[in-house]
Amino acid sequence: VLIFGVAPATLGTPRTPGAPGNSGMPRAPVSTEDDRIRRRNEEAKQWATRPGYFKFVVDKDTSKMAVFDGTTRIGVFSVSFGSNKSEDGYGRQGTRNTPIGVFATHAGRPSNKAFTWFIPYDVPGRTDMGIHGPKEVFLGGLLGLIHWTAGCIATTSRADILTIKAAHAKALQRGTPSRLIIGRGIDFRTIPGW
């Protein structure tokens, strides 16, 4: 019996040609972008444990950012990120996602009144990516429950970004390199200084 021109034996999961019970259909291709994201996530987990850096370590699964100056923990902060939360690739300008990976960060600068302070980081093919304060000071706590940015990482309080600003500036004055590490399933307890 054929259903819409497909034999019932071919319905279901495609199998490898030559395998027992094979329908002869080729296996669906695996996305190379998925492989790149998996590799970047593993790299992020490894970088999180490296000493000698000022590190912003973001776990997208918990919406938390742990900040370390070498092995000194500055704090753990609730954060919001791109409204396209499920997308982990680099994307392109306007995709509103926060990508997974390890990124160089730079000296911060004043931002407009809504964001307080802006610490830029480099993402291939993107501009104006950074860590900054909340959109509205009085909504900061609520913004930790939603993801609203264009891809940046936003703290949920003005006090948090000011704490980060002070520690980051001191590290840069000493010549300490600085990295933003974004991943999924990062266990902060594995980071030296936790």
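How many bridges join strand β1 to strand β9, and which way do the two strands run relative to each other? Six bridges link β1 (residues 54-59) and β9 (residues 178-183), and the strands run parallel. Please keep in mind that this is a predicted model.

- Nine strands make up an open sheet with mixed pairing, and their order is β4-β9-β1-β2-β3-β8-β7-β6-β5.
- The edge positions belong to β4 (101-104) and β5 (109-110); each has a single partner strand, so one side of each is left without a neighbour in the sheet.
- Helix α1 (residues 32-48) lies across β1, β4 and β9, and its direction makes an angle of about 130 degrees with β9.

**The nonpolar cores**

- The largest nonpolar core holds 22 residues, and those with the most contacts inside it are Phe56, Met65, Tyr121, Ile131, Ile153 and Leu180.
- Two or more residues of this core come from each of β1, β2, β3 (72-80), β6 (117-120), α3 (158-173) and β9.
- Helix α3 gives the most to this core, with four residues.
- A second, separate core has 11 residues, among them Ala66, Ile186, Phe188 and Ile191.

**Around serine 63**

- You will find serine 63 in the loop between β1 and β2 (64-69).
- Is serine 63 buried or exposed? Serine 63 has a relative accessible area of 10%, which is under the 20% limit, so this residue counts as buried.
- Setting aside residues up to four places away in sequence, serine 63 touches Phe77, Ser78, Val79, Phe81, Lys85 and His147.
- With histidine 147 there is also a polar contact of 3.2 Å between the two side chains.

- Side chains of opposite charge can pair when their charged atoms come close.
- Searching the whole structure gives nine salt bridges.
- One of them pairs arginine 36 with glutamate 33, with the closest N and O atoms 3.1 Å apart.
- Both of these residues belong to helix α1 and sit three residues apart, about one turn of the helix.
- Arginine 36 is partly exposed at 37% relative accessible area, and glutamate 33 is partly exposed at 25%.
- Aspartate 35 and arginine 38 form a salt bridge with an N to O distance of 2.5 Å.
- Because aspartate 35 and arginine 38 are three residues apart in helix α1, about one helical turn separates them.
- Aspartate 35 is partly exposed, with a relative accessible area of 27%, and arginine 38 is partly exposed at 47%.

**A buried salt bridge and its network**

- Arginine 184 and aspartate 88 form a salt bridge whose closest N and O atoms are 2.8 Å apart.
- Arginine 184 lies in the segment after β9 and aspartate 88 in the loop between β3 and β4, so this pair ties together parts that are 96 residues apart in sequence.
- Both arginine 184 and aspartate 88 are buried.
- Through shared partners, salt bridges connect Lys60, Asp61, Asp88 and Arg184 into one network.

Technical notes
Residues are numbered from 1 along each chain as its sequence is written. This is a predicted model: local features need pLDDT of at least 70, side-chain atom pairs count only at pLDDT 80 or more; totals for chains, interfaces and linings use all residues. Side-chain values use heavy atoms; hydrogens and water are left out. Two strands pair if DSSP finds at least two bridges between them. Contact means heavy atoms within 4.5 Å. Axes are lines fitted to C-alpha atoms, for helices over the stretch in contact, and angles run from 0 to 180 degrees between N-to-C directions. Buried means under 20% relative accessible area, exposed over 50%, partly exposed in between (1.4 Å probe, protein chains only). A polar contact is a pair of N or O atoms within 3.5 Å; within protein, one must be able to donate a hydrogen and the other to accept it, and residues adjacent in sequence count only if both atoms are side-chain atoms. A nonpolar core is a set of buried Ala, Val, Leu, Ile, Met, Phe, Trp, Tyr and Cys residues joined through side-chain atoms within 4.5 Å. A salt bridge is a side-chain nitrogen of Lys or Arg within 4 Å of a carboxyl oxygen of Asp or Glu.
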